[in-house]
Amino acid sequence: MQILLSVPENLVTAFNELLPASHPPCFVTSDPEGSKIGSGGGTSWLLAQHFKNCQTTDFASYLHSDQRIIIHAGGQSRRLPGYAPSGKVLAPIPIFRWSRGQNLHQNLMDIQMPLYNQLMKAAPPQNRTLIASGDVLVIPNQSFQQLPEADIICLGIWVDPHLASHHGVFFTPRDNATHLSFMLQKPSHEIIEQLTNTHLFMMDVGIWILSNRAIEVLMKKCGWTGNDFINKTPDFYDLYSTFGTGLGSAPTQPDQEISALSTAIVPLEQGEFYHFGTSLELITSTEAIQNRVKDQRAIWHHKVKPHPSVFVLNANCGIQFNSNLHHIWIENSHVPATWQLSDHHIITGVPDNNWNLALNSGICLDIVPIDEETFCIRPYGINDTFSGMAEDADWMHQKLSHWLSVRDIDFATAGIDSTLDIQNTPIFPVISRKNLSQSLISWMLYGDNEIMKNLWLSAPRLSANGISNKANLKRLFKQRLDFALNDLPLLASNYKRSIFYQADLKQIAADYAFNKLSLPSEPDENTSPLVIASDQMFRSEVLNLLGKDGETHEKKAYATLQEFIKKAIHIRSLPRLNVFPDQIVWGRSPARLDLAGGWSDTPPYCFHNGGAVVNIAVDLNGQPPLQVFIRLSDEYKITLRSIDNGVSETIETYEEIGHYDNVGSAFSIPRAALCMAGFHPDFQGQSFGSLKEQLKKFGGGIEISLLVAIPKGSGLGTSSILAATIMGALSDFCALGWDNHAICLNTLILEQMLTTGGGWQDQYGGIFPGIKLFQSQPGLPSSINVSWLSDRLFKTPENKDKWLLYYTGITRVAKNILSEITRGMFLNEGERLRILDEIKAHAFHLFEAIQKCDYETTARMISHSWQLNKQLDSGTNTPEIQSIIDKINNHALACKLLGAGGGGYLLICAKDSRAAGNIKQILQDSPPNDKARFVDMTISDTGLQISRS
C-alpha cells in the first residue's frame, strides 16, 4: 500500500522526518509552483510524480502494481491558519474518550487511515487508487467485506439538504441507492428538495476508489496520454465538478469517455461526516466526535471537564477553566494562569512565557517559528477567511483598513499594496525571541503603543502564505513534542488519567523509555482493577524497552485481572451428596468450532468493549469427545483418573487440591473444579477441619474419571469445555444447582485460577448446542446472550459434503499466543484493538450470512475470519499449515485454522462436492505427518448432557 500526499511546498522535504519512525513512509509532493490545476489535475500530477519516482517505464504497469491512497492536503488553509504551515492533515487530534488504543500524538491523517485501509482491502482487484480529502473524517459505523464492481466506487452519506448543498451530491433512483443517475456539485437545497420527488440523494464524502481504466481516463482529461507527462504540467481539471458531473446513467455534463465508466455508490447507512476545514470546525467537529457516544463515560467526562468544547493538548496550561470559557483550543502552547481568556479561541505555537495577556471573544493567536531563532506573530479572528483584497478584507472582526487607521497607519506607510489578496499581504511581524512580548501582541490586538507600532513597522513581515513557506517545521514539531512529553506525567495523575489509560500505552511506554522519563506514581487502591492492571503492564513495557526486567509488573497485571474476575463472581459452595451410593454421574460435551469473533471474548478486551462470537457445537466420529464420570468411593479421599492418558492421582488433603495452578499437571482442571465445588476452604460455605472430615460428612470419597477424545492443542476449546463438563457433572453429583450459564461463568473463573487466561466462548460453544451467536456487554459478564441459528446450511444434501474437518497432526498450546495478544489488550495497542473491533463486528456479518443460508458468502466470511486472525497474530499461520492449504487451495473456498492458531484442526469449505472429494484424496495421498486425518463431524443438538446410571 502506497500513501501519496499533496501538501504545502514547505512541508514536502520535511514531511516524513516529522512523522514518528513507526509511521509508514509517504510519497509527498506539492502542486506545480504558480499553477492552479484543480483536484483532478492535482491527482494526475501526484500520480505522475510518483510514477517517475518509481522509475517504472510503463504507466499501465505502474497502475497495476501497488494499491495507492491519495490524500489531497495541499491547500492554503485560509480558514484554518493555525495549521496551515504543517497542513491540516497533520493537525493534532485529541484522544476520543469513547475509544481505546489511540495515539497520544495522533493527527487527522492517523485517524483517517484505518478506514482507507479497510476500503482498499475490500476493493475489487482492478480498483487500486483511493482518493480522499485531508480535512475530513468519515466514521462509517459499518465494516466493508467486499465493495461492488465498478470503475468508480464512491461513498455517500444520508444528510439533510442544507448540509448536502455545501458539497457534492449523488442522485440515485429511488429503488436502487447504489446506482448513480447523476451528480451535482453544491446544488442549492431548493434544487435538492425538488429532485427528491424522483430520486434519493446522498452527500459525497470525498472518498472515491478508481479502477486503472478510470485513472487513465482522468489522466487524459488533464491533458496527458500514454507517458507524455514526464515534463508537462497538467491542465486545470476538477475531479468533482467536471469529472464527477460526467458520471452516471444521466450525467448533467455528458462526456462519452467519462460516461462509459461504471459507477457504484456505497451508502453509509449510519455514517458520520466531520469537516475540519475552518478554525471553528476544528473545535466543533472535535466536540461532536467526543460526544457521539452517550453513556456513563459522557456523564463522567462532563463532570470533570468544565465545558465539552475546551481542548488542551500538547500544552502547559495554568488556566482554571469554568463554564464561561468555551470553544477553546490550546495546542503546542504555554498559557499561564495570568492569561485572561473568553471564548472561541485557537491558541497554537506559543512558547514559554510569563505574559499577562487578554484575549477577547473570537480572537486566536498563532506563533510560528521562522528560520533558526525568530518567530512570526499571527493573531486572527476565528471566522477569518483570509479572502479578498487587502483594502476590503476582514481581519480580527474588522476591515484591515480600519485596523491600520486605528493605529494611525496607512497602506503606504505600512508598505502594503491594498489590492493584494489578503492571503499574500505581509501583516505578520517576524521578531526575535527577545522581542516576542506581551506588549507587541497586545498592540496588534488592541493598539495604543507607539513603541510597538514602530517595532511592527520596522520588523520584517510575512503574509499568511509567506508564513507557510518559511515556517521552520522542525522547530514547531520539536516544541510540540517537548510540551507533550512534559504533559505525560500529568495525564497519569490528574483528571485526564482516563485519557492516559485509554491511549495506546505501548506508544506512551516508548516515549517514556526513549526520553528517560520518570514513571508517574501508581494509581491508588481505589482505582478500577482494570486500570491498575493496564498500569502494571505499562510499567512492564517501559522496563522491557529499557533493557530491564519487567516481569514482576507483568505478573501483577495478570494477577490483578484474575482477582478482579474471582471477586466479582465469588463462589461459596456447600456440596452435598445427590446420588445413590451405586450411581455414576456421566457428563459429556461436544467440541466447538469457532467461525467468527474469536478473541473478542477474551479479557480484558471483552470487559471494555463486549464480545461477539459465532460457533458450532460438534460431535466427532459420532460421539461427544469430552466425557466425565463421577462416582462415590468407600475411601475418604479423591481419586482422579485420565482414561486417555492412563494416569491417576489420589488427593487426601486440602493442600493437594490447592495445587491447581501447575499448568503441566494432568489434573489441574479437576483440582480447580473441586475447589469451586466447595472442596477447599477458600470456596466453602461451611468450615471443616480437614478434607477427610468433609468427605465423611459428605458421605464418602469421590472418584472422577476423564476421557478426552481430542488431542491436546487441537483448537477445539478442549480444556475449557472439559472444565465446564467437570463442573456440570459435579453440580449434579453435589446438588450445587448450577445451570449452563453459571457453569460457563465458573469456567471463566477457573481458567483465571489456572493462570491460563482465555475467554468465555470455548465453554459456551461446547455446553450450548447447535450453531449460535454469543454476545456479551462491556463489563464482567453476568450472563451471555445466545441467539441460535438454523443448521440448514450445514445439513442440506447440496451443502453437507462441502464441510470438511481435518486434523493436521500439528498441535500447539494457546497460552503463549494468548499472553502476547492479551498483553496488547492491556496496553491498548492501537492496531491490535482495531483488528479486534473488526473481528467482533465480523461475527454479526457471518451470523447474517448463515441466516440467509448463503454457502458461498458464509465460506467467504469464514475465510475473512482466518485473515483477521492472521492480522492479529502473524504467527497464527505456520509454514507447515500453509503447505497444507497450498495443496488444496484450488478446490477450497475457505480454510480456517480453529482456535488460537498455529496447529490443530483445520476447517475446510470446499467449492462443491467434487472439490471436497479431491481435497480428501490429495491430503490422504500426501499427509503432512502420520497423525493427520479427516474427522467426521456432526452438529450437536444437545450440548452438555448429564445423566446417571
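The notes below cover the model, its aromatic pairs, charges over rings and a loop histidine.

## About the model

This is a predicted model, in which local features need pLDDT of at least 70 and side-chain atom pairs count only at pLDDT 80 or more, while totals for chains, interfaces and linings use all residues. Residues are numbered from 1 along each chain as its sequence is written, and side-chain values use heavy atoms, leaving out hydrogens and water.

## Aromatic pairs

The whole structure holds 32 aromatic pairs (rings of Phe, Tyr and Trp, the last by its six-membered ring, with centres within 6.5 Å; planes under 30 degrees apart are stacked, over 60 edge-to-face, the rest tilted). Phe564 and Phe607 make an edge-to-face pair, 5.8 Å centre to centre with 75 degrees between the planes. Phe564 belongs to helix α22 (residues 551-568) and Phe607 to helix α23 (residues 605-609), 43 residues apart (helices are DSSP runs of H or I, at least four residues, and strands of E, at least two, numbered from the N terminus). Phe607 is buried at 4% relative accessible area, whereas Phe564 is partly exposed at 22% (buried is under 20%, exposed over 50%, partly exposed in between, with a 1.4 Å probe and protein chains only).

Elsewhere, Phe386, Trp395, Trp403, Phe428, Trp443 and Trp456 form one aromatic cluster.

## Charges over rings

Arg68 lies over the face of Tyr62, 4.9 Å from the ring centre, and Lys802 over that of Tyr855, at 4.5 Å (NZ of Lys or CZ of Arg within 6 Å of the ring centre and within 35 degrees of the ring normal).

## A loop histidine

His680 sits in the loop between α25 (668-676) and α26 (691-698). His680 counts as buried because its relative accessibility is 12%. Beyond its neighbours within four places in sequence, His680 contacts Tyr654, Ile657, Gly658 and Cys675 (heavy atoms within 4.5 Å).
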